[in-house]
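Welcome! Please take a moment with the sequence and the model before reading on.

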Amino acid sequence: MPYEFTFDLSKFPRFFFAEITKAGYQKKVGIRLQEIIRRFRIQEATGLNLSDAVMLLQDLIDMQAENLLERKRFDKTKTRALFLPHCSRKYMDGHCKASFETSTSSFRCAHCSGDCPVGRAVALAEKKGYDVYILPGGSCITKILKAKGYEGIVGVACCDEIKTGVEILKLMGVSYQTVPLVRNGCANTSFNFETLRQTL
Ligand code: SF4
Ligand code: SF4
C-alpha cells in the first residue's frame, strides 16, 4: 500500500543521507529524527506535514538500520538478484522496449535508452553478476524466488513496497539489502544511483 503522500528527496545533498545512515546506528532515533527534520528543513523543502515527515524519515532510518544488521549475512550470499521498480523507468508506455516475461511476471530491460535510470542500474548490476528483474509489483517476488532460489536480493522500491517485500524475504529465509526510492509517486520515481552502486 503506497503512502498517502508524495515526496521528493532527490535534490537533497549526500550529507542528508549520511545523517540518515548515522541515525540508523544510533539508539536515540526519536531525538535525532526531530533534529534532522529541523536541520534539513524537510517540511519546507517537501511540503509534508510533520507527521508525514516523521513517518518518512523513520522508515528511511529503520531501513538503513536493517541493512546494517543484515549486511554480514548478505555478503556471504553466492547467488543474487536485483529487483528494480517499473516506476523508475524513463518511459512507462510503449516507448519502453522491455519485454514482459510471464514465467517471472516481470520485465526484462532491452536497453533502449542510455539515460534511463533503470537501464543504467540493470547494466551495472549485470556487470557485477546479478540477475535483474523489473517488477510491476511485489506479488511476483515469491514466484521469482521459488523458481530461482536466490540467496540474496537487493531491492529498490518505495518504503511501503520494501516493507512488504522484506516480509516475504524473511519468511523465505533470503538475505537482503534495500534501497528506498528518494522520490515516490508510482511514475517518474527516483532512486540514488550511488547508493545502489555501493549496496551492490
Ligand atoms: S532502458 Fe530498459 S527499462 Fe529503460 S525504457 Fe528502455 S527498455 Fe525500458
Ligand atoms: S512508488 Fe513504485 S514501487 Fe512504490 S507502490 Fe508505486 S509503483 Fe510500486
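## The largest cavity

By class, nine nonpolar, three polar and three charged residues line the largest cavity. Here Ala, Val, Leu, Ile, Met, Phe, Trp, Tyr, Cys and Pro count as nonpolar, Asp, Glu, Lys and Arg as charged, and the others, Gly among them, as polar. A cavity is a set of points, on a 1 Å grid over the protein atoms alone, where a 1.4 Å probe fits but cannot get out, and lining residues have an atom within 4 Å of a point.

The largest cavity holds about 110 Å³ of space, where a volume is the space filled by probe spheres set on the points, joined across faces, edges and corners. Of its 15 lining residues, Arg89, Cys96, Cys109, Cys112 and Cys116 are the closest to the centre. The count comes to one cavity of 30 Å³ or more.

## About the model

This is a predicted model, in which local features need pLDDT of at least 70 and side-chain atom pairs count only at pLDDT 80 or more, while totals for chains, interfaces and linings use all residues. Residues are numbered from 1 along each chain as its sequence is written, chains are lettered from A and ligands numbered from 1 in the order in which they are written, and side-chain values use heavy atoms, with hydrogens and water left out.

## Around ligand 2

His86, Cys87, Cys158, Glu161, Leu181 and Cys186 surround ligand 2, each with a heavy atom within 4 Å of it. This shell divides into four nonpolar residues, one polar and one charged.

## The nonpolar cores

A nonpolar core is a set of buried Ala, Val, Leu, Ile, Met, Phe, Trp, Tyr and Cys residues joined through side-chain atoms within 4.5 Å; buried means under 20% relative accessible area, exposed over 50%, and partly exposed in between (1.4 Å probe, protein chains only). The largest such core has 40 residues, and Leu9, Phe16, Ile42, Leu56, Leu57, Phe83 and Ile153 have the most contacts inside it. Helix α4 gives the most to this core, with six residues; helices (H or I, at least four residues) are DSSP runs numbered from the N terminus.

Beyond its neighbours within four places in sequence, Leu56 is in contact with Tyr3, Phe5, Phe7, Leu9 and Leu48, contact meaning heavy atoms within 4.5 Å. A second, separate core has 24 residues, including Ala98, Val118, Val122 and Val132.

Asp75, in helix α4, counts as partly exposed at 46% relative accessibility.

Conventions. On a 1 Å grid over the protein atoms alone, a cavity is a set of points where a 1.4 Å probe fits but cannot get out, and a pocket is an open set with protein on both sides within 12 Å along at least five of seven lines; lining residues have an atom within 4 Å of a point. Helices (H or I, at least four residues) and strands (E, at least two) are DSSP runs, numbered from the N terminus.
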